Amino acid sequence: MVHLFRTSLGVMALAAASFGLGGGAQAANGPFLAHQALYDLSLVKSRSKSVNSARGRILYNFAGSACEGYTSDFRQVSELDSGEGKVTLSDLRSNSWEDAAGKSYRFKIETRMNEADAGRVDGSAERDGDHINVKLKLPAPKSFTLDGKIVFPTEQIQRIIAAAKEGKSLLELSVYDGSDDGQKVYNTLTVIGQPIPVDRATSSDPSTADEHMKSLKRWPVTVSYFDRDVQQKEGEQTPVYAMSFELYENGVSRQLMLDYNDFVISGAMGKFDVKDSKPCN
């Protein structure tokens with residue numbers, strides 16, 4: 001179960017970003033929407049019968065602007081029941097800042113499993129020409145470089161929206177978000193479907209209740225995450241996890257589905273509040 005929550009950060013960081021990023025019908029690299037969102041997690045199915053039930057919540061706050069960068073505060077509390085009294089409780093918290101140009105990224109992550117001591121990651125990443133310099137304070141002081149083609153989470157969302165608007169169906173990106181031990185890089189494959197008709201019937205949630213959303217274009221999107229350190233053997237590499245959702249042209253996303261191979265969890269938006277933000281001068 002530790003594996004689930006260790007890898008949840010990357011996928012939920014993307015989900016949280018895509019659920020609220022965007023301002024009106026502006027371009028993908030335009031101002032993002034400052035907001036707070038609450039998501040309810042539940043088990044959809046367990047393929048290996050390793051999980052009997054799952055529940056949890058995510059509280060996400062996003063703020064900032066193109067001139068001062070974007071800050072996100074994220075907390076996920078989850079409970080997995082494996083049967084026979086085996087329950088795993090996870091409390092995951094993260095705070096990150098990314099500048100609008102995707103050149104700088106700072107992050108602090110705390111993961112607590114049951115009663116064990118919290119695992120902490122604290123670091124920063126700076127883009128410098130054709131590489132990225134990463135400096136970690138926790139879990140241990142360390143400096144290393146990454147390929148400059150790697151992107152940070154907010155830029156990942158920007159690239160997906162841009163690709164969808166250009167009519168592309170596939171997008172490959174390597175992503176660094178500071179999760180796991182602060183040294184993990186994921187290779188991602190994003191599959192973008194045909195635009196969903198505006199008049200297609202859909203279940204309502206706080207994101208679709210807004211009048212401004214009803215006329216916006218949206219796409220079905222699936223992002224698969226692969227461990228970059230795992231050498232690919234014969235056949236296709238299996239993703240560590242995959243996330244599916246409907247992505248609006250203003251960056252808002254809905255109908256989240258997290259597939260961890262053994263089981264699938266859904267994230268339903270339970271609350272969505274727009275917050276005041278200061279425009280760039």
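Predicted model: local features only at pLDDT ≥ 70, side-chain atom pairs only at ≥ 80, totals over all residues.
**Exercise 1. What is the mean pLDDT of the protein chain, and what share of its residues reach 70 or more?**

Residues are numbered from 1 along each chain as its sequence is written, and side-chain values use heavy atoms, with hydrogens and water left out.

Step one: pLDDT is the predictor's confidence in each residue, from 0 to 100. Step two: the mean for the protein chain is 80, and 80% of its residues reach 70 or more. Step three: look at residues 1–30, where the pLDDT is below 50. Beyond near neighbours in sequence, that stretch still has 113 contacts (heavy atoms within 4.5 Å) in the model.

**Exercise 2. Check the span of helix α2 (residues 153–165).**

Helices here are DSSP runs of H or I, at least four residues, and strands are E runs of at least two, numbered from the N terminus. The expected span is 1.5 Å times one less than the number of residues. With 13 residues, α2 should therefore span 18 Å; its end C-alpha atoms sit 19 Å apart, which agrees.

**Exercise 3. How many residues of α2 are buried?**

Buried means under 20% relative accessible area (1.4 Å probe, protein chains only). By that cut-off, 10 of the 13 residues in α2 are buried, among them Pro 153, Ile 157, Ile 160 and Ala 164. For the protein chain, 49% of the 281 residues count as buried.

Notes:
Buried < 20%, exposed > 50% of the residue type's maximum accessible area, 1.4 Å probe, protein only.
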